[in-house]
Amino acid sequence: MKLSDNKPKADAGRTFPVGEIMTFSGPMNAAMGDVEDSASVFDEDAFSAAERPVPGYEQYKYVPFGATDDLPFELIRTVASDEVLSQNLFFNILTAYGSGLQYTDLSSGRQSDDPEIRLFFMQNSMREFYLEQCTDMKYFFYAVAVVILNRKGDRIVQIRHKDACYCRFEKADGHGRIGHVFFANWRKLGLSKKDIEVLPLLNEKDPLGHLEILMGRAPGEDGISRPGTKERKFAVVMRFPTPGQRYYPSPYYTSIFRGDWFDIKRLIGKGKKYKIRNHASVKYQVEIHRDYWDNLISEEHITDPVAIEERIKREKENIKRFVSGIENSGKVWITGYYIDSYGKEQRMVRIQAIDTGKEGGDWSEDVEETSNLICYGLNIHPNLVGATPGKSQTNNSGSDKRELFTLKQALETAFHDMLSKVHELVIFFNGWETKVRPQIPLVLLTTLDQNTDAKKVTVDGKTTDPDK
């Protein structure tokens, strides 16, 4: 901060400043300059990095996730830094979850009561597993599951989720086939062989057929049957396709970072915070005539210069307490005035209230616009998540929200189909295909005339509520 030059005005041996013009620089501009360009983190080069050797496994090479192999962690950090973005992703995870996964009985259309299937469902915490898969699918557009077979190799007995941010894919062979998934904490320095789990990856297009061949239950592509492998743990990848990305999908919502509006929202937040923090709000302007002090000193017969200065200082404090104290609300302060030789009123004291407005209230419309654009980038109507608050907004009725939510649920079908792959593998490999099928019922909000708030329905329109 620096003060502009101003010339003092001399009067009766005293100096009175004419005024000061202050210009501010430094903290606010520096803070806003610290907002990095998010597009630099999520550029296209980050998805096409050269392969690297797998520590401890000379025969394998893996494709890093991003140019420096930390793109998923940067994505998580960036999402967590913005309340609109993080809550929108949370909303997308919840809508993808729907009413939760169930293995539906083919005859009744409801959750299976088969003892073997129910035991498998419970022992593998399938609802929690499905929620973990939904989370990775919405964040990264792919999810990794691991199926574990029994010792005999004729049943899948366990299914486990693997966090996508810790999974890396092996470099594809000449036919585009990815053979393994490597699971490790890739942020750890000095990874060794013991830190990395190597998981054979089942064919993404036909995991069931591939597993049947590996277990010796079906002939290979050459028509020859071979003994089953001793391996009992295999990875399955559910991938939502995005153009040009063979290994790690580029989620459509990351366009938010490649554009400008996400950074604009962050700049606005920084600017408003520093304006509120550093702006000194002045509520009243008190103008005091020089004769007021002379009269005060004369009335109290003060002659000592030091005592005069102390009295003036004390009077200023009295005035400040009077205009700002809550206990003085409604009181009246009576002061004198006179009319000079020119016929103009000369007041001893004049108090004016200063309208400071709402500090940091600038850019309110821009904040709303950027929030709406983030919602748009995540395929969420702002009315569903409260990005456009207030009754002044159009199309904000309960019926409108109900229809928007139904539409949002319907659009999750593609994600449900991708996430069903591993469950279909389990059901067919275990011989349950004549008993059950995997389903994710939708939550359908109803109108008041149906005497219920919501009901669960499958994609074919059948209700799954036991009492319906």
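Q: In which loop is serine 125 found?

A: In this predicted model, serine 125 lies in the loop between α4 (115-123) and α5 (126-140).

Q: Where is histidine 301 found, and what is its phi?

A: Histidine 301 belongs to the loop between α9 (290-299) and α10 (305-324), and its phi is near 55°, a positive value in a residue other than glycine. With a relative accessible area of 68%, histidine 301 is exposed.

Q: How do the axes of helix α3 and helix α13 cross?

A: In general, two packed helices are described by the angle between their axes and the distance between the axes. Here the axes of helix α3 (residues 83-97) and helix α13 (residues 398-410) come within 9 Å and cross at roughly 70°, which makes α3 roughly perpendicular to α13. On the α3 side the contact is made by Phe91, Asn92 and Thr95, and on the α13 side by Phe405, Lys408 and Gln409; these residues divide into two nonpolar, three polar and one charged.

Q: What is the order of the strands in the open sheet of five strands?

A: The general idea is that strands of a sheet pair through backbone hydrogen bonds, either parallel or antiparallel. In this sheet the pairing is antiparallel, and the order is β5-β6-β10-β11-β12. The edge strands, each pairing on one side only, are β5 (52-54) and β12 (197-200), while neighbouring strands are turned by 45° against each other on average, direction ignored. Within the sheet, strand β6 (residues 57-63) and strand β10 (residues 167-170) pair in the antiparallel sense over two bridges, and valine 63 stands opposite phenylalanine 169 in β10.

Q: Which strands stand at the edges of the open sheet of three strands?

A: The order of this sheet is β9-β8-β13, again with antiparallel pairing. At its edges stand β9 (156-162) and β13 (233-239), each with a single partner strand, so one side of each is left without a neighbour in the sheet. Neighbouring strands are turned by 25° against each other on average, direction ignored. Strand β8 (residues 142-149) is joined to β13 by seven bridges, and the two run antiparallel; isoleucine 148 stands opposite lysine 233 in β13.

Q: Which strands of that sheet does α5 touch?

A: Packing on the sheet, α5 touches β8, β9 and β13, and its direction makes about 145° with that of β8.

Conventions. Residues numbered from 1 in each chain as written. Predicted model: local features only at pLDDT ≥ 70, side-chain atom pairs only at ≥ 80, totals over all residues. Heavy atoms only, no water. Axes fitted to C-alpha atoms, helices over the stretch in contact; angles between N-to-C directions. Helix = DSSP H or I, 4+ residues; strand = E, 2+ residues; numbered from the N terminus. Parallel < 35°, antiparallel > 145°, perpendicular 65-115°, else oblique. Contact = heavy atoms within 4.5 Å. Nonpolar A, V, L, I, M, F, W, Y, C, P; charged D, E, K, R; others polar. Pairing = 2+ DSSP bridges. Buried < 20%, exposed > 50% of the residue type's maximum accessible area, 1.4 Å probe, protein only.
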